[in-house]
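Reader: I have just opened this one and would like to be walked through a few spots. Could you start wherever you like?

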Amino acid sequence: MQVRDSLDVMEDDHQRDQSTSTAGKTTRRSYVRLLGALGLGGALTGVAATGSQSGVAAAQSNGNGTGSAGGIRVSDSGTTVGDDVAQLDFGASLSATESGSDTVTVGSETNPNIVNVREDLGVEPEGDDLWAAIEDHYTSFEPTDRNHCYEIPAGTWHVETDNIHFDAHEFLGIVGAPFAVLEVADQDVDRLMTVGSLDASLPHAQRTVMRDLQVDIRGDYDAGIARWFTYRYGHMENISMRGKRDKFNPQYGGDRHTILVDGVRPSTTNVISGCHLNNGDTKYDRSTHVGHAIPFSSDVYNHGTNYWEGCQVSGYIDNGIYVSGDDGRNIVTGCHVRNCAGAGIRIGPNDHVQDCQITMTEHPGFPWSGLWLENGGGQLVSQLLVNNQIKKDTEIVRLTQDGPARLTDIHITDEGTDGRAIRVNDNDDAPTAFDGCTITDRSSPSTADYAVYVRSSNVSFDDCEFDIAPQSSTDRHGVFVTDGGDDIDRLTLENCTIDADGASLRFAESGADHTVESSFFEGLVMSDPETALSSVLWTGNRHRGETAFRGERSQWQGDFNFGFDV
């Protein structure tokens with residue numbers, strides 16, 4: 001049996017849709033005859049089923065318990081097949097599983113009906129309103145009969161209808177064939193589409209695919225692309241935007257969200273792959289960046305899992321990848337964020353950032369941070385590269401989350417001015433761990449400051465290296481332990497190197513149960529006069545600079561420093 005791609009349906013395929021809801025009919029006898037001709041004898045049944053539908057075939061006994069090669073019994077699935085069908089297409093998901101001693105179940109999603117927007121809907125490029133034609137066709141079917149992939153041939157196609165609501169369907173595909181441009185041609189278009197809804201009752205937007213399209217908003221136009229509220233599965237791939245967003249334009253500013261994806265159930269999975277939003281938003285003279293267009297986002301309504309892979313964003317003012325406000329999970333992998341205000345990547349509870357890059361070469365005109373962890377805990381960050389060449393208004397990596405977090409292999413190269421590389425100001429009770437992280441600081445500060453601020457308890461740095469050598473005459477220090485007055489406990493520095501031209505490590509607050517072990521400090525190690533440090537494990541460290549503890553040391557666990565006095 002030849003299995004074709006689920007979107008590659010030939011002219012004689014029974015799934016072919018010519019803008020109607022009818023298909024060719026056949027008897028069960030011809031269906032079984034076709035299965036036999038294709039060699040599907042014995043215990044297999046092929047059923048083109050939607051959702052959880054499946055066919056069950058009772059195994060034909062020939063006396064020895066094996067299936068009969070001469071025929072097949074097929075349960076009535078309610079599926080009809082045209083008499084002129086030359087082959088059956090079960091899609092890539094065809095699989096067989098044992099469901100009993102004498103039955104085998106075969107399950108497969110129904111292939112979508114292919115609708116060529118030019119041939120089947122009569123839309124002409126650069127003339128007709130493609131969006132209106134798709135909306136008319138989509139809404140002409142009942143939700144359970146909406147099982148269509150709209151293929152858009154190469155060329156430029158006009159969008160003049162605002163915000164189509166693709167509220168409920170079995171399958172919706174909007175794809176370039178092989179690649180197409182959607183040109184916004186009406187100033188009233190604020191958003192191209194809304195998929196699904198937050199309504200808990202059926203029907204829903206079950207499966208949604210959008211790929212191989214570019215949205216053109218050049219000229220006096222601005223629009224967001226999509227807000228998706230998906231039920232089972234969503235896949236957005238190779239979507240890009242041509243032209244700069246202009247959210248605050250008083251005449252035609254569009255939706256705040258450019259691409260927003262929410263899964264409405266914990267079991268929902270969405271994949272956003274290879275999407276590029278690199279032309280940014282237009283900056284308006286305001287006191288804050290908030291309110292400008294957001295490029296990639298999920299919000300409070302996301303309860304599913306979103307995979308953001310290989311996406312790029314540049315020049316946006318209200319964050320880059322902004323996914324911190326939901327209780328679902330966002331996995332951000334292989335993405336690159338450039339020159340965004342707010343935060344380049346902003347994550348929340350149980351989110352994961354891996355193998356990503358943040359680059360700052362042009363100041364966005366508003367305060368910025370590179371990575372921001374907030375809201376809840378369980379964040380994981382691994383293999384993040386940050387390259388900064390501009391002024392820092394605050395810090396490159398900001399941690400204000402309410403629970404545990406782990407950051408591994410974070411590498412920051414800083415050639416900018418002022419500000420900090422890392423600030424930890426999270427929940428005192430939950431651990432925050434940095435493992436194998438580096439800072440290479442070649443900044444030119446105008447004000448003396450520290451590269452790392454520890455403003456909360458239970459923070460550890462293991463196998464980290466901070467190489468701080470400012471290019472200006474102003475000192476650039478290492479790690480500063482302070483929150484402005486309260487005690488900070490349980491700081492751990494183990495197997496770390498801090499090479500700073502000023503102070504490598506400074507305790508400005510009282511605290512207990514710190515562990516500083518097997519680390520190397522190039523600069524001054526100190527505590528402020530009013531600090532009280534107790535139950536500290538301080539062993540196996542090496543100091544090249546002075547160690548000046550002016551505060552009180554009570555019940556220290558060790559002073560061994562390879563010959564250097566404490």
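Author: Val300 sits in the loop that links strand S16 (294-297) and strand S17 (305-309), where strands are DSSP runs of E with at least two residues, numbered from the N terminus. This is a predicted model, in which local features need pLDDT of at least 70, side-chain atom pairs count only at pLDDT 80 or more, and totals for chains, interfaces and linings use all residues. Residues are numbered from 1 along each chain as its sequence is written, and side-chain values use heavy atoms, with hydrogens and water left out.

Reader: Why does Val300 count as partly exposed?

Author: Val300 counts as partly exposed because its relative accessibility is 48%, and that class lies between buried, under 20% relative accessible area, and exposed, over 50% (1.4 Å probe, protein chains only).

Reader: Moving on, which strand is joined to S25 (residues 379-388) by 9 bridges?

Author: That is strand S27 (residues 405-414), which runs parallel to S25; two strands pair if DSSP finds at least two bridges between them. Within this pairing, Leu385 has His411 in S27 as its bridge partner.

Reader: And how many bridges join S27 to strand S29 (residues 432-435)?

Author: There are 4 bridges between S27 and S29, and these strands run parallel, with Thr408 partnered by Asp435 in S29. Strand S30 (residues 438-441) is also joined to S27 by 4 bridges, again in parallel, and there Thr440 stands opposite Thr413.

Reader: Where is Asp487?

Author: Asp487 is found in the loop between strand S34 (476-481) and strand S35 (492-494), and it counts as partly exposed because its relative accessibility is 48%.
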